Amino acid sequence: MNFLSIFVIIPLITLLALYAARNRKQINLIAATGATLLLILSGILTYLYLHERAMGNDSLMLFRADILWYAPFNIYYSVGVDGVSVAMLILTSIIMFTGVFASWRIDPLPKEFFLWFFLLSSGVYGFFITIDLFSMFMFYEIALIPMYLLIGIWGTGRKEYSAMKLTLMLMGGSALLLVSILGIYYFSGGDTMNLLEIAQRHIPVEVQRYLFPLTFMGFGVLGALFPFHTWSPDGHASAPTAVSMLHAGVLMKLGGYGAFRVAIYLMPEAAHEQAWIFLILTGISVIYGAFSAVVQTDLKYINAYSSVSHCGLVLFAILMMNETAMTGAVMQMLSHGLMTALFFALIGMIYGRTHTRLITEMGGLMKIMPFLGVSYVIAGLASLGLPGLSGFVAEMTIFVGAFQESDTLHRILTIVAVTSIVITAVYILRVVGKILYGKVQNPQHETLSDATWWERISVVTLIIAIVALGSLPLWISDMIQNSIMPIVGKLMAAL
Amino acid sequence: MEYTLYILILPLLSFVVLGLMDTKWKPVVAGTVGTAILTIVAALSYYTAWEYFSTANLNGTYQKIIAFNTVWVQFNEHLHIDMGILLDPISVMMLVVISTVSLMVHIYSLAYMKGERGFERYYAFLSLFSFAMLGLVVSTNIFQMYMFWEMVGLSSYLLIGFYYTKPEAVAASKKAFIVTRFADLGFLIGILILSYYTKTFDFGILTSCDANVFASFSGVTFMGASALSWAMALIFIGGAGKSAMFPLHIWLPDAMEGPTPVSALIHAATMVVAGVFLVARLFPIYITFTPEVLHGIAYVGAFTSLFAAVIAIVQTDIKRVLAFSTISQIGFMMVALGVSGYGGQAGTGYMASMFHLFTHAMFKALLFLGAGSIIHAVHSNEMTQMGGLKKFLPVTRWTFLIACLAIAGIPPFSGFFSKDEILAATMHFSPGLGVIMTFTAGLTAFYMFRLYYRIFHGKKYQTTNGHTPHESPVAMTLPLVFLGVVTIFAGFIPFGKFVSSDGGYYHIHIDPTIATISVVVALAGIGLATWLYRKENDASAAVARKFNTIYRAAYHRFYIDELYLFITKKIIFKRISSPVAWFDRHIVDGTMNGLASVTQWVSLKIKGFQSGKIQHYAFVILLGTLIIAAIVIFI
């Protein structure tokens, strides 16, 4: 059996074990074990990957395996990873691990919650390891559907409405994807679904012109592309903590990853032709999300709009189509995944205590819960791009990369995107100042407790990851960049 | 000289340890550890300075030494951010300045902050600041500098907001961060432009001013100015933000909400001169390729200097007076750089600017620490609550007086020598500018002595509820005395021997005419202050009445803060963000919801088709047949 498949198998085994579990203690133990195994596995994978590369193995994808699934349509279960997928797998494992600890006291129906949670994760892992278009689509759907139930059942507020909205919009996106995947399949010769093989061929440019926007928008919906981002604020606001973490932290990355791996990689000519349209849209996302976040009063809405802005930057950088910006895009996916998960974890923990997410109803929490307060400040600083934390290196890589494109449109959009660093500072400091500093707003908050041990595990793990990525970025940015080089080479050849 | 790495590692380590330990350690332990580590750092800095200035001089010119360098992140084949340590005269000088003032502040705070909630956190933040500031000055490339620049901004934010339960402190810290962030936006875009054309971040390559490196700039213009001018002007905006140049100065007076030793360290001696340091670091580029930007810097500096001096005259909060005086003095440094030539004796302004940076750091830290000692004694920042304190606080009073004389430019105190060089350079560049700066120097003498008299002289001190002010403990007076001694003698350092625009030997010579004029002007300022404020009298109130309009305008700092509030509250919140958020909820999301509603409406309408009624179906079949028949017949 292929090594990579373990990533999909562990969640499935955990599912079975959960099914047999009888009480909350067992459920938590099983979930934690599964998540820990995944975390260890991603560590091993990173080591093996870097080792292979150091040994001089320079094939595009490592750890390849193909199993025939459905011969008439040439559907294979094909797996393989490059630096970008390894980075995404590390991210997913960290978020899974911390998500489990953040839902230690999930109520009601803990068993069912974790069942769906792990099913979702197997979809995510599958998506990142597979290089077959159809399997990719299938895993994508596996990752989306459980979201509906997770929000609809364990959510808060207008949960049914939000769950429905989120699911419908993302399904709309995947409908576009299905069309484009079939289009790619037929117009690339109709005998393979394998990404690497399709990449060797040439899809006629006239066809690309139709398929590229479909693919890019299809993935863009999940990547919060303006104007298809409105599921995000409502969805995140209603979702339970761990689901918000996983959704903003990992699922939104499927969008960026897919846009990069499928849309741009397979259809470079159309990408070059139409990049300007999407660059404008993503440029709008970046600045528009940031401005929207400035006036929100619900913590989750602030963070959701902030995600629109940061994920906009991911797609923006991908569309720059040079090696620096694309590396930055992947770094930004990692960084945003980690810090937004941290944010949602902390918001969930604060909400669990104060029973409100409105910043107008909180104040002076730093004094009452110093651990959560300090962690929130760190998350905020990462988000506004403080050097030494992950946001800075990702954003700077993007900005430097984007600045290498010297025509007027790219220049203007880059400068517009750069200004987001100021607006981010405005909304982050506004929130921090309102809820953490100042006088205690509500006397009942005086008696609240600080983080518990499981919450601390979750928060500290994320902070360590953020600091590690932010202060020693060289090894991971090299790993990503080396994998992006051949892709950029293909893009350049298409020019 | 790899040991210089420890100058950075030790404070970082101290920050991490103190931060993690937080209240698990007793305050006294945290304070001692922090201070002990900084003592080692200061010793290392002095040793570095000694070794550098005694060995790095090759054929009469100081060499740049890269003591350490490693790639931090690689962007593409040309561009990479390095982390390294660059030793050259200005960075070594800054190491000495920073570690000296920082050490003094560490010692002083042991007593000043005693018993404060969050004492351990305070020392952790001081360590963070020291790390960031030291890292900034030894940066080997502009991006490394930008990184430490941001971290310095963060530690400033954290320390201004140290009393985080106080709304004013929170607002001030936020304002400081956002205003400087806005300026840093300029800095960042400037870096991006510069690096795009030169393909490097490295200071060594950039400041060599090799024509080949800058060749790709040629012919690139934007709105009438060359791309390089834009880049350098934008980079200066970053410097102007940190160094509180008009109109980005608004954050500095509010930053006085932080603990007073912090004001001494960050907002007087070290961080606020980062902008000056930045311009000095890139000076060869400014002077070689973009002299017009450099001259612009001179005019901005001159205006800021005069503007802040006028405001300082009428403020009544002693820390605010000092804050505006800091802005004004940094203006002097900027002017000096702006009017300087390059190389040999032409580099008067450059040398003078660095010299003034050095002396100013010492006497301004002294003034702030003195102010802290006064506040410690009377528990107020307001001049109106003071007066006649000289007999209660002898040490503070004498050291404060020394610093006032130094900043006023009275020989033989250190400020005289550095300011005199600035005035000489400015006169040489443009007599008009020289006159303005001399006038500002006179104002400086006046407002500093107004401050001095209103604190220590004038009316008899009114003791409130039996509380008599008393001199501060030794931990506080010791730094005062130390800095006082430095302030007296620093002027005699042959500064030009160590620091000059091109690394050569600059011979300082005092121009007797300029020296006489500046001393006379300073004495006039002091005389006026003596007449108005030494004894309590009506003259000062009468003068204030006479210039009522300008007095009030200056008191309200020319309403620039209101402008800031207007921009943030009215423009960013009301005019941009709120409409954007509304648009998102109602138009964008409304469209999505609308689509859903339309779908629902249509399905409601057409669900009747599956009614299950036979007659209904028969009717539809008949209608369909008729329509098809009609089509067949008529077409």
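**Conventions**

I number residues from 1 along each chain as its sequence is written, and I letter chains from A and number ligands from 1 in the order in which they are written. For this predicted model, local features need pLDDT of at least 70 and side-chain atom pairs count only at pLDDT 80 or more, whereas totals for chains, interfaces and linings use all residues.

**Entry 1: chain A overall**

I looked up the secondary structure and found 19 helices and two strands in chain A. Helices (H or I, at least four residues) and strands (E, at least two) are DSSP runs, numbered from the N terminus. I then looked up the extent: the C-alpha trace of chain A spans about 70 × 55 × 45 Å along its principal axes.

Of the 495 residues of chain A, 62% count as buried. A residue is buried if 20 or more other C-beta atoms lie within 10 Å of its own, exposed if 12 or fewer, and partly exposed in between, with C-beta atoms placed from the backbone. Among contacts in chain A between residues at least 6 apart in sequence, 80% join residues at least 24 apart. Two residues are in contact if their C-beta atoms, placed from the backbone, lie within 7 Å.

**Entry 2: the annotated domain**

An unreviewed UniProt entry carries the annotation "domain: NADH:quinone oxidoreductase/Mrp antiporter transmembrane" for residues 132–422 of chain A. UniProt positions are given in the numbering used here, feature names are shortened, and annotations may be inferred rather than shown by experiment. I computed the content of that stretch of chain A as 82% helix and 0% strand, with the end C-alpha atoms 41 Å apart.

**Entry 3: where chain A touches chain B**

I find 42 residues of chain A in contact with 38 residues of chain B. Among the elements that give two or more residues to the chain A side are helix H6 (159–187), helix H11 (268–295), helix H13 (323–354) and helix H17 (408–436) of chain A. The largest share, nine residues, comes from H17(A). By class, the chain A side has 25 nonpolar, 13 polar and four charged residues. Ala, Val, Leu, Ile, Met, Phe, Trp, Tyr, Cys and Pro count as nonpolar, Asp, Glu, Lys and Arg as charged, and the others, Gly among them, as polar.

**Entry 4: helix pairs in chain B**

I looked up H21 (residues 512–534) and H22 (residues 539–546) of chain B: their axes come within 7 Å and cross at roughly 110°. That makes H21(B) roughly perpendicular to H22(B). Axes are lines fitted to C-alpha atoms, for helices over the stretch in contact, and angles run from 0 to 180 degrees between N-to-C directions. Angles under 35 degrees count as roughly parallel, over 145 as roughly antiparallel, 65 to 115 as roughly perpendicular and the rest as oblique. B:Trp531, B:Leu532 and B:Tyr533 in H21(B) meet B:Ala539, B:Ser540 and B:Val543 in H22(B). The residues of this contact are five nonpolar, one polar and no charged.

In a second pair, H11 (residues 274–281) and H14 (residues 318–339) of chain B pack at about 10° with their axes 10 Å apart. H11(B) is therefore roughly parallel to H14(B). B:Val276, B:Val279 and B:Ala280 of H11(B) make the contact with B:Ile330, B:Met333, B:Met334 and B:Leu337 of H14(B). Here I count seven nonpolar residues, no polar and no charged.

**Entry 5: loops and backbone**

I found a cis peptide bond joining A:Phe226 and A:Pro227, with omega about 0°. A:Pro227 is in the loop between helix H8 (205–222) and helix H9 (231–238) of chain A. A:Ala224 is also found in the loop between H8 and H9 of chain A. Phi of A:Ala224 is near 60°, a positive value in a residue other than glycine. A:Ala224 counts as buried because 29 C-beta neighbours lie inside 10 Å.

In chain B, the peptide bond from B:Phe246 to B:Pro247 is cis, with omega near -5°. B:Pro247 lies in the loop between helix H8 (227–242) and helix H9 (251–254) of chain B. B:Cys209 has a positive phi of about 55° although it is not a glycine, and is partly exposed, with 14 other C-beta atoms within 10 Å.
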